[in-house]
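Open the model in your viewer and keep the selection tool ready. The tour moves stop by stop.

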Amino acid sequence: MRRNQFLGGIGKCMYFLAICVMTFSSCYNDDDLKNSISGLEDRMDKLEASLQSVQTDISTLKTLTDALSQNKSIASVLENEDGSYTIKFSDQTEVTIRNGENGEDAPQITVIKNEEDGIYYWGITSTDGKKTFLKDGEGNMMPVTATAPKIRINTNTKEWEISTDGGKTWEPTGVYASGEGTGDTSLFSAVSQDDDYAYFTLKDGTILKVLKSKELKCEILSGKQYFANGEEKLISVEMSGISKYTVTKPDGWKASLTGKGLTIMLLLQRISMQKRGAKWQ
């Protein structure tokens, strides 16, 4: 009898405990957990976008400095509706520079012109504004025309890292990736232009000045012309954006181009033939 009472008492306690557990479970609010997971996913998306933006800007920076070293010019600088700029070069290539004003803090990859050889090399600007050359695995400075550095975010330390050997080894930069920015990270802070040059300002204050192409124009300001043998005429020509030119002409004509215009002369020459001892003219 006592055994049945004891077991019955245990059953009642377990039943009461089950009710408490069920009541506690039904009252648990998982909104905070869901919000935490959602916030984490949002930060990861922003960090991924920031990483892609920085790597794209490194490629753009290489294109700009290549243009300087190879004497390329810029055909046009177009501002887009979203505030970005599309840069078109004289060799038909183009890049886009986006506004990263509220983006993630990222390592300030830059380019540094070595005054000794006049070559641009890859560099990095520290938080105190000091610029240093990046070195490859053998301790050599890296010209911009060579392989560009790579950037990543260490998933364990949440720190930006840089590689100067194509991704074989990685070094910490001391910059923490918080994921609190907009994701529109950019190495550039401003783009401007005048009649002769386009100016690209990096966030560390470095300014790249690239020559703009002039509109090529060569128009002869004259209609149909008739020439007598030995007659010379000066024809007005309107030219712009041309620094070198070549004048070609058919046989029997003389032509030269100066600041005054195009000078043309018809010079018909007598043709002589020697046939069987007789001279034909």
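**Salt bridges**

Search the whole structure and four salt bridges turn up, each a side-chain nitrogen of Lys or Arg within 4 Å of a carboxyl oxygen of Asp or Glu. This is a predicted model, where local features need pLDDT of at least 70, side-chain atom pairs count only at pLDDT 80 or more, and totals for chains, interfaces and linings use all residues. Residues are numbered from 1 along each chain as its sequence is written, and side-chain values use heavy atoms, with hydrogens and water left out.

Select Lys62 and Asp66. Their side chains form a salt bridge, 3.7 Å from N to O. Both sit in helix H2 (residues 31-69), four residues apart, so about one helical turn separates them. Helices (H or I, at least four residues) and strands (E, at least two) are DSSP runs, numbered from the N terminus. Asp66 is buried at 14% relative accessibility. Here buried means under 20% relative accessible area, exposed over 50%, and partly exposed in between (1.4 Å probe, protein chains only).

Next, pick Arg152 and Glu161. The closest N and O atoms of this salt bridge are 2.8 Å apart. Arg152 is partly exposed, at 32%, whereas Glu161 is buried, at 8%.

**Asp91 and its surroundings**

Now centre on Asp91. Which residue forms a salt bridge with Asp91? Lys72 does, with the closest N and O atoms 2.8 Å apart. The pair links distant parts of the chain, 19 residues apart. Asp91 is in the loop between strand S2 (85-89) and strand S3 (94-97), and Lys72 is in the loop between H2 and strand S1 (74-79). Asp91 is partly exposed, with a relative accessible area of 32%. Lys72 is partly exposed too, at 27%.

**The nonpolar core**

Select Ile87, Trp122, Trp160 and Phe200. These have the most contacts inside the largest nonpolar core, which has 36 residues. A nonpolar core is a set of buried Ala, Val, Leu, Ile, Met, Phe, Trp, Tyr and Cys residues joined through side-chain atoms within 4.5 Å. H2 gives the most to this core: seven residues.

Zoom in on Ile87. Beyond its neighbours within four places in sequence, its contacts (heavy atoms within 4.5 Å) include Ile74, Val77, Val95 and Phe200.

**A three-stranded sheet**

Move to the open sheet, whose three strands run in the order S14-S17-S16 with antiparallel pairing. Two strands pair if DSSP finds at least two bridges between them. S14 (232-235) and S16 (253-258) are the edges; each has a single partner strand, so one side of each lacks a neighbour in the sheet.

Show S16 with S17 (residues 261-266). Six antiparallel bridges pair them. Leu257 has Leu262 in S17 as its bridge partner.

Finish on Thr263. It lies in strand S17 and is buried, at 19% relative accessibility. Not counting residues up to four places away in sequence, Thr263 touches Glu232, Lys233, Leu234, Lys254, Ala255 and Ser256.
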